[in-house]
Amino acid sequence: MLILSRKIGESIVIDGRIHVKIMRVEGDVVKLGIEAPSSIPVHRQEVYEEIQRNNQQALTKQNTPLPKLPKLAGAVKQ
(Lines give C-alpha, C1' and ligand atoms only; values in the text may rest on other atoms or scores of the structure.)
Protein backbone atom coordinates (compact mmCIF):
# COMPACT_ATOMS: atom_id res chain seq x y z
CA MET A 1 0.00 0.00 0.00
CA LEU A 2 1.29 3.42 -0.94
CA ILE A 3 0.83 6.03 1.79
CA LEU A 4 0.94 9.70 0.79
CA SER A 5 0.64 12.96 2.69
CA ARG A 6 -1.49 15.69 1.12
CA LYS A 7 -2.74 19.06 2.30
CA ILE A 8 -6.14 20.60 1.60
CA GLY A 9 -6.37 21.46 -2.09
CA GLU A 10 -3.63 19.01 -3.11
CA SER A 11 -4.29 16.00 -5.33
CA ILE A 12 -2.98 12.66 -6.45
CA VAL A 13 -3.38 11.19 -9.94
CA ILE A 14 -3.94 7.48 -10.57
CA ASP A 15 -3.21 6.04 -14.00
CA GLY A 16 -3.38 9.51 -15.54
CA ARG A 17 -7.18 9.32 -15.51
CA ILE A 18 -8.30 9.42 -11.88
CA HIS A 19 -7.77 12.54 -9.80
CA VAL A 20 -8.28 12.46 -6.03
CA LYS A 21 -8.25 15.86 -4.32
CA ILE A 22 -8.33 16.65 -0.61
CA MET A 23 -11.29 19.01 -0.28
CA ARG A 24 -11.71 19.45 3.49
CA VAL A 25 -10.65 18.01 6.82
CA GLU A 26 -13.32 18.15 9.53
CA GLY A 27 -12.00 16.60 12.73
CA ASP A 28 -11.16 13.00 11.90
CA VAL A 29 -13.13 13.06 8.60
CA VAL A 30 -11.39 13.79 5.30
CA LYS A 31 -13.57 14.97 2.40
CA LEU A 32 -12.25 13.78 -0.97
CA GLY A 33 -13.15 14.92 -4.46
CA ILE A 34 -12.76 12.21 -7.11
CA GLU A 35 -12.71 12.79 -10.87
CA ALA A 36 -12.78 9.61 -12.94
CA PRO A 37 -14.06 8.58 -16.36
CA SER A 38 -17.69 7.43 -16.25
CA SER A 39 -16.50 3.97 -17.36
CA ILE A 40 -14.72 3.54 -14.01
CA PRO A 41 -17.08 2.85 -11.10
CA VAL A 42 -16.23 4.69 -7.88
CA HIS A 43 -17.84 3.48 -4.64
CA ARG A 44 -17.29 3.75 -0.92
CA GLN A 45 -15.84 0.44 0.28
CA GLU A 46 -18.97 -0.62 2.20
CA VAL A 47 -21.13 -0.01 -0.90
CA TYR A 48 -18.68 -1.93 -3.10
CA GLU A 49 -18.71 -4.88 -0.70
CA GLU A 50 -22.54 -4.93 -0.68
CA ILE A 51 -22.59 -4.94 -4.48
CA GLN A 52 -20.13 -7.85 -4.50
CA ARG A 53 -22.26 -9.80 -1.97
CA ASN A 54 -25.40 -9.23 -4.03
CA ASN A 55 -23.65 -10.29 -7.23
CA GLN A 56 -22.36 -13.45 -5.56
CA GLN A 57 -25.83 -14.29 -4.22
CA ALA A 58 -27.32 -13.80 -7.68
CA LEU A 59 -24.79 -16.24 -9.13
CA THR A 60 -25.41 -18.93 -6.53
CA LYS A 61 -29.21 -18.57 -6.37
CA GLN A 62 -31.19 -21.52 -7.71
CA ASN A 63 -32.60 -20.86 -11.15
CA THR A 64 -36.29 -20.25 -10.69
CA PRO A 65 -38.28 -21.29 -13.74
CA LEU A 66 -40.13 -18.48 -15.44
CA PRO A 67 -43.91 -18.72 -15.57
CA LYS A 68 -45.34 -19.92 -18.88
CA LEU A 69 -47.15 -17.35 -20.95
CA PRO A 70 -50.79 -18.13 -21.72
CA LYS A 71 -51.52 -19.14 -25.32
CA LEU A 72 -53.32 -16.46 -27.23
CA ALA A 73 -56.38 -17.35 -29.26
CA GLY A 74 -55.62 -17.01 -32.96
CA ALA A 75 -51.86 -16.86 -32.44
CA VAL A 76 -49.79 -17.09 -35.62
CA LYS A 77 -48.10 -20.47 -36.08
CA GLN A 78 -44.61 -20.52 -37.50
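1. Helices and strands here are DSSP runs, at least four residues (H or I) for a helix and at least two (E) for a strand, numbered from the N terminus. The order along the sequence is β-β-β-α. Please keep in mind that this is a predicted model.

2. The overall dimensions deserve a comment. With a radius of gyration of 24 Å, well over the 12 Å that the globule rule gives for 78 residues, the protein chain is more spread out than a compact globule. Along the principal axes, its C-alpha atoms fill a box of roughly 70 × 25 × 25 Å. Buried residues account for 4% of the 78 residues.

3. The sheet is open and antiparallel, with its three strands in the order S1-S2-S3. Strands S1 (11-14) and S3 (29-35) stand at the edges with a single partner strand each, so one side of each has no neighbour in the sheet. On average, and with direction ignored, neighbouring strands are turned by 25° against each other.

4. As for the pairing, S1 and S2 run antiparallel and are joined by four bridges. Within this pair, Ile14 stands opposite Ile18 in S2. Strand S2 (residues 18-26) is also antiparallel to S3, and seven bridges join these two. Glu26 has Val29 in S3 as its bridge partner.

5. Most residues other than glycine have a negative phi. Asp15, found in the loop between S1 and S2, counts as exposed because its relative accessibility of 58% is over the 50% cut-off.

6. A nonpolar patch lies on the surface. Ile8, Val25, Val30, Leu32, Ile34 and Val42 form this patch, and together they have about 530 Å² of accessible area. Which strand gives the most to the patch? S3 does, with three residues.

7. One patch member, Val42, lies in the loop between S3 and helix H1 (45-60).

How values were computed
Residues are numbered from 1 along each chain as its sequence is written. This is a predicted model: local features need pLDDT of at least 70, side-chain atom pairs count only at pLDDT 80 or more; totals for chains, interfaces and linings use all residues. Side-chain values use heavy atoms; hydrogens and water are left out. Two strands pair if DSSP finds at least two bridges between them. Axes are lines fitted to C-alpha atoms, for helices over the stretch in contact, and angles run from 0 to 180 degrees between N-to-C directions. Buried means under 20% relative accessible area, exposed over 50%, partly exposed in between (1.4 Å probe, protein chains only). Patches are made of residues with over 30% relative accessible area and no salt bridge: like charges are joined within 9 Å, nonpolar side chains (Val, Leu, Ile, Met, Phe, Trp, Tyr) within 5 Å. Accessible areas come from the Shrake-Rupley method with a 1.4 Å probe; for residues, only the protein chains shown count as cover. A salt bridge is a side-chain nitrogen of Lys or Arg within 4 Å of a carboxyl oxygen of Asp or Glu. The radius of gyration is taken over C-alpha atoms; the globule rule is 2.2 Å times the number of residues to the power 0.38.
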